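Visitor: I would like to learn how to read a sheet and its helices. Could we go through one together?
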Amino acid sequence: MRIVFDCFKQVKGAGKSIGIYNLALNLVKNLVRYKRTSTDEKILRTELIVLGNRYNRGDFDITGVRFVCIDAYDPLNKIHCAVWELSVISNVCRKLTADKVIFPRGYCALTHPVKDIVIIHDLIPFYYKRNFPDTFNKIENAYIINRLRSSARTCYRIVTISEASKRDIIKYCQVDESKIRVIHNGCNEMTPYKEKEDGNEPYICAITSGLPHKNAKGILRSYERYCEISKAPLDLVVIGIGDLSCYGLPEDVKARITYWKFIKDNEEMHRIIANSVLLLFLPLIEGFGYPPIEAMQLKTPVICSNIDSLSEVVDDAAILVDPKDPREVAEAMERLIQDQDRQKQLIEKGLKNIERFSWDRRAELYWEVLLQ
C-alpha cells in the first residue's frame, strides 16, 4: 500500500497553522517509528510518501519516508495553493499510484482519485462567521467554510482531534458520525525542566494571540482585575501579542506586563512556561488546545477556559473558568497563587493526564485508520 501525506502547504511560521504543522510532522515521524517496530505485514509493506516544499524539506525529509519536493508551485502564494488543493494534488496522487492520501489541513481535493482522509481540527471559520463576521475577508472565509463542509461530506474518512470538534462537524457539515474517528493530538517533544530556575521573580504566563477567539482582551482584563484584588500581584508574561495600546489598561498594570508577539525558539517558550507560577489560557473556542498540555509536561499548574474541548483535554488536571468573566478568572488566579498544596496537586494530576496523549498510542490509532 502507498500512502501520501499532502504537506505541500505546510510552512512553519507562515499563517496561523503552526499547530497543524506540528501535528503533520509528529504524525509522519511517529508513523515511521511505529512501522520500524511493527510485525504487521500490512504496515511493513506500506510506503509513506510526503509531498512537501523547499521550506519544510529539512523537517519532513526523514529516513523511512519518500519525500517529493513540489517546486512548480509556491506554498506562500494563495493562488498556487488554491490550484494545488483543487486539482493538482489529484494528478500527483494518480501519478504516484497512491492508495490513500491524508490531508492534515482539513481540505481534500475536488476529485477523489484515491481514498482520502482529512484531518479536521476545528470549525473555527463557522464561529467567526457567527461571532466576528468582520475579522476576515468575507469571501475568503466563505470559501474556507464551503471547502471544509464539502471536504467533510465527500472524503472517504475524517479524523478529528476532540469529541467537541466531532460534534461540530456533525452539526455544521451534516456528516454521519460513523465516518468520523476521534484521535486526540499527541504530546510534543520538549526539553524537560525538573525544577524551577532559581533567582527569578515569580510571574504568571499567558498564551494567546491577536485573533478574537484567542481572547487576549479577556486575559488582560482578568489580569487587571487580579491586580486590584491581590495585595502583592505577580507580573504577567504574555506570549502572542505585540502591543498593549488597544486594550485600555491602566499604566500601573501595563508596567507589570511583558509581552512577545511570537517566540520562534520552542525551547525558549517552554522555559518561560516552565518557570511561571501558572499558565493562563482563555480561548473562546478551540479544537484541542496544546498550551495546557505543554504546561502539564513542564510541571506548571493551569487555569483555562471551561469550553468543551479544553474540559475534555485537561480533565480534572486544571482549574476551569468562564473566559468571559474577568472576576472569576482573577479570583481563581489569586487562590491558586496562594495555595501551594493546590499547585502541587494540579502538577501531579497534569503529569498523570498527559499519559493519555502519548504519540505511541496516536500512531497506533492512525495506523488503524490507514489500514481500514
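Visitor: Which strands does helix H13 lie across?

Guide: Contact here means heavy atoms within 4.5 Å. Helix H13, residues 326–338, lies across E8, E11, E12 and E13, and runs at about 160° to E13. Axes are lines fitted to C-alpha atoms, for helices over the stretch in contact, with angles from 0 to 180 degrees between N-to-C directions. Helices (H or I, at least four residues) and strands (E, at least two) are DSSP runs numbered from the N terminus. This is a predicted model, where local features need pLDDT of at least 70, side-chain atom pairs count only at pLDDT 80 or more, and totals for chains, interfaces and linings use all residues. Residues are numbered from 1 along each chain as its sequence is written, and side-chain values use heavy atoms, leaving out hydrogens and water.

Visitor: In what order do the six strands form the open sheet?

Guide: Two strands pair if DSSP finds at least two bridges between them. The order is E10-E9-E8-E11-E12-E13, with parallel pairing. Strands E10 (257–260) and E13 (319–321) are the edges, each with a single partner strand, so one side of each has no neighbour in the sheet. On average, neighbouring strands are turned by 20° against each other, direction ignored.

Visitor: How many bridges join E8 to E11?

Guide: Three bridges link E8 (residues 203–207) with E11 (residues 278–281). Ile-204 stands opposite Leu-278 in E11.

Visitor: And which strands does helix H11 lie across?

Guide: H11 (residues 290–297) lies across E8, E11 and E12 (302–305), running at about 175° to E11.
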